[in-house]
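The sequence and structure come first.

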Amino acid sequence: MKLLQVSAEIFPLLKTGGLADIAGALPAALRQAGCDVRVLLPGFAPILQDLQDASLVAHLVTPWGESVTLRQGRLATLDLLAYVIDAPALYLRNGGPYEDAQRQPYADNCRRFALLGWMAGQLGQGLDAQWTPQVVHAHDWHAALAPAYLAFSRERQAQRVASVYTVHNLAYQGVFAPQNFHDLGLPDAAFSIHGLEFYGQLSFMKAGLFYADRITTVSPTYAQEIQTPEQGCGLDGLLRARRDMLSGILNAVDDSVWNPATDPLIPFAYDANNIAGKARCKAALQAEMGLAEQAHAPLFGVVSRLTEQKGLHLVLGAIDELIGRGGQLVVLGSGEAWLEAALRERAQRDPLALAVRLGYDEALAHRIFAATDVTLVPSRFEPCGLTQMYGLKYASLPLVRRVGGLADTVVDSTLEDLAEQRANGFVFDDFCAGGFSQALRRAFALYARPEEWSAVAQRAMQQDFGWKAGAEKYLALYRQVASPMGA
Ligand code: ADP
Ligand code: GLC
C-alpha cells in the first residue's frame with residue numbers, strides 16, 4: 001500500500017500540540033504494518049534542516065502564480081522518506097508555523113496551506129514519476145484541501161487516488177474570506193454549499209469533510225459528538241450526512257518516546273513492577289520547582305496549551321482547595337495571556353505548593369508526567385487528548401472530564417470500578433467548579449489509601465496504548481478506498 005501522509009507538523013521536528021505526536025508516530029506504525037509510507041510537509045526551517053539526500057522533484061507555479069520547489073529526501077531524525085515544499089517566502093518566518101511572534105495568524109495562511117493540499121493533489125496526479133500514492137491521508141485543516149484537489153483531478157482522469165481526512169480538532173477550521181477562492185485554482189463548482197463554501201466564506205475544514213472518501217477523527221466518542229449541534233462547530237449537518245464515511249480511531253502512544261522504563265528525559269527510570277524510581281522523580285521535580293519536598297503531598301500536574309478548550313479555569317478556581325487539602329500543583333503551558341497572568345500571579349502567593357512554568361518545554365513535560373501523582377485534563381471538549389494517556393503510562397492518574405477521547409480512555413475510581421479492577425483515574429461530568437471539585441476530592445480520598453492507589457497506578461501503567469491496533473484500523477480503511485492502480 002503506497003500511502004502519502006500530509007500534515008503541517010511532525011514530532012520531533014515541529015510541534016505545537018498532539019497533531020505532531022500523531023503525525024510523527026503513525027508513519028512508523030504503518031510501516032510496521034507493511035505500508036510504503038511517505039510524508040508531505042511544508043518547508044519550515046527544522047524540516048528543511050533535517051532533510052537529507054534531497055533531490056529535486058519539480059519546480060512548479062502555484063495557481064496564484066508563485067514559484068515553488070518540491071524536494072524529496074529522507075528526514076534523518078525519523079528515518080522517513082519525505083516530500084518537502086521549499087517555498088521560503090511562505091514558510092521561513094519568525095514566529096510559529098501558523099502565527100507570528102505576537103500570536104497573530106499570518107495574513108496569507110490561506111495560500112500557505114492551500115499549497116500543502118495542492119501539492120498533495122499534484123503528487124496524486126503523478127508529479128513524481130517514481131512514486132504515486134494510492135491513498136492520500138490528510139490531517140487537520142492545514143492539509144484539508146488535498147481531498148478537494150484529488151476529487152476534481154479524478155473527474156479529469158481515469159487514475160483514482162483515494163483520500164482519507166482526519167479531524168484532530170474541529171474547532172480549528174481554516175476559514176478565509178471568499179475572495180481567496182480564486183487563488184486556489186479549483187473549479188467554480190467547488191464554491192458551493194455542496195463544496196467548501198461555509199456561510200459565504202471558504203472553509204478548508206469543510207473541503208476535507210466534503211470531498212474525502214473517508215473521514216476519521218481521533219476517538220470514537222468525538223466521532224459521535226461532532227455530529228451534534230453542541231460540538232459540531234456548524235458542520236454537524238454535513239457530518240451527519242456523511243456519517244457512514246465517518247469513524248473514530250483512537251490515538252495511540254509512541255512507546256519509543258513515552259515510556260518511563262526507557263525515557264532518557266526523566267531522571268530515574270521505573271516500570272509497573274518496580275515503581276520506586278517514581279518517588280525519586282517526584283522529589284527531584286519538587287526540588288527543581290522550589291516546591292516543599294514532601295514525599296506524601298499529592299502532586300498534581302498540568303501540561304497543556306492554555307486555551308479555552310482545556311477548561312483550565314476550573315483548575316485555577318480549585319487551587320485554594322487543592323493546596324488547602326495538602327496538595328501541590330505544577331503547571332507547564334503556554335497560550336492565552338489572561339490565563340498565563342492569572343497562573344503566574346497565583347503562584348507567587350504559594351511558591352511552596354504551586355509552580356508555574358510558562359512556555360513550551362518537551363523535556364520538562366516528561367519530567368512532570370514522571371513526577372506527578374495526578375494529571376489534570378478538565379477539558380471543555382477533547383477530540384482525543386494525549387496527556388491523559390501519557391499520565392496513565394507514567395502512573396500519574398488522569399483526572400478528566402467525561403468528554404471526547406477522555407471518556408474513551410479514563411475510568412473513574414468509583415467503588416464498583418475499583419472493585420472490578422477497571423478504574424484508572426478520576427472522571428467528572430458537569431463542566432463546573434462543583435464537578436471538578438468532586439473529582440479532586442475523590443483523588444485525595446484514593447491517595448489516602450496507598451494500597452488501593454498503587455493497585456490503580458499499576459493497572460494504569462500496564463494498559464496497552466500502543467500503535468498496533470490503531471495502525472491496523474487505518475490500514476483497513478485505506479484498503480476500503482484504495483484502487484490497485486499505482487501499486
Ligand atoms: P492538543 O493537541 O489539543 O494540544 P493533546 O493532549 O493531544 O492536546 O497533545 C498535547 C501535546 O503537546 C502533548 O504531547 C503534550 O505533552 C504537549 N504539550 C502541550 N503543552 C506543552 C508545553 N507547554 N510544553 C511541552 N509540551 C506540551
Ligand atoms: C488535537 C486535539 C487533541 C488530540 C490531538 C491529536 O490537537 O485537541 O485532543 O489528541 O489533536 O489527535
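## Model and conventions

This is a predicted model, in which local features need pLDDT of at least 70, side-chain atom pairs count only at pLDDT 80 or more, and totals for chains, interfaces and linings use all residues. Residues are numbered from 1 along each chain as its sequence is written, chains are lettered from A and ligands numbered from 1 in the order in which they are written, and side-chain values use heavy atoms, with hydrogens and water left out.

## Cavities

Rolling a probe the size of a water molecule over the atoms shows where empty space is left. On a 1 Å grid over the protein atoms alone, a cavity is a set of points where a 1.4 Å probe fits but cannot get out, and lining residues have an atom within 4 Å of a point. Grid points are joined across faces, edges and corners, and a volume is the space filled by probe spheres set on the points. Two cavities of 30 Å³ or more turn up when the whole structure is searched.

The largest cavity has a volume of about 80 Å³. Its lining has 14 residues, and Asp21, Ala25, Asp254, Trp258 and Tyr390 lie nearest the centre. Helix α1 (residues 18-32) supplies the largest share of this lining, three residues; helices (H or I, at least four residues) and strands (E, at least two) are DSSP runs, numbered from the N terminus. By class, the lining of the largest cavity holds 10 nonpolar, no polar and four charged residues, where Ala, Val, Leu, Ile, Met, Phe, Trp, Tyr, Cys and Pro count as nonpolar, Asp, Glu, Lys and Arg as charged, and the others, Gly among them, as polar. The largest cavity lies between domain 1 (2-252 + 468-486) and domain 2 (276-462), because both give residues to its lining. The domain bounds come from an automatic or database domain assignment.

The second largest cavity has a volume of about 30 Å³. Val302, Leu312, Val315, Leu316, Val331, Leu339 and Leu343 line it. Two or more of these residues come from each of α11 (312-324) and α12 (337-349), and α11 gives the most, with three. The lining has seven nonpolar, no polar and no charged residues.

## The second largest pocket

A pocket is an open set of grid points with protein on both sides within 12 Å along at least five of seven lines. The second largest pocket holds about 530 Å³ of space. Of its 22 lining residues, Ile275, Ala279, Asp373, Tyr447 and Trp453 lie nearest the centre. Helices α10 (276-289) and α18 each supply at least two lining residues. The lining divides into 13 nonpolar, five polar and four charged residues.

The expected span of a helix is 1.5 Å times one less than its number of residues. Helix α18 (residues 450-462) has 13 residues and should span 18 Å, which agrees with the 18 Å between its end C-alpha atoms. Trp453, Val456, Ala457, Ala460 and Met461 of α18 are buried (under 20% relative accessible area; exposed is over 50%, partly exposed in between, with a 1.4 Å probe and protein chains only). They cover an arc of only 135° around the axis, so they are on the same side of α18; the arc is that of the directions from the helix axis to the C-beta atoms. Glu451 and Gln462, on the other side of α18, are exposed.

Helix α4 (residues 109-124) reaches 23 Å from its first C-alpha to its last, close to the 22 Å expected for 16 residues. Of those 16 residues, 14 are buried. Gly126, which follows α4, has a positive phi near 90°.

## Val400

Val400 is found in strand β17 (residues 397-401) and is buried, with a relative accessible area of 0%. Its C-alpha is 6.2 Å from that of Leu376, 24 residues apart along the chain.
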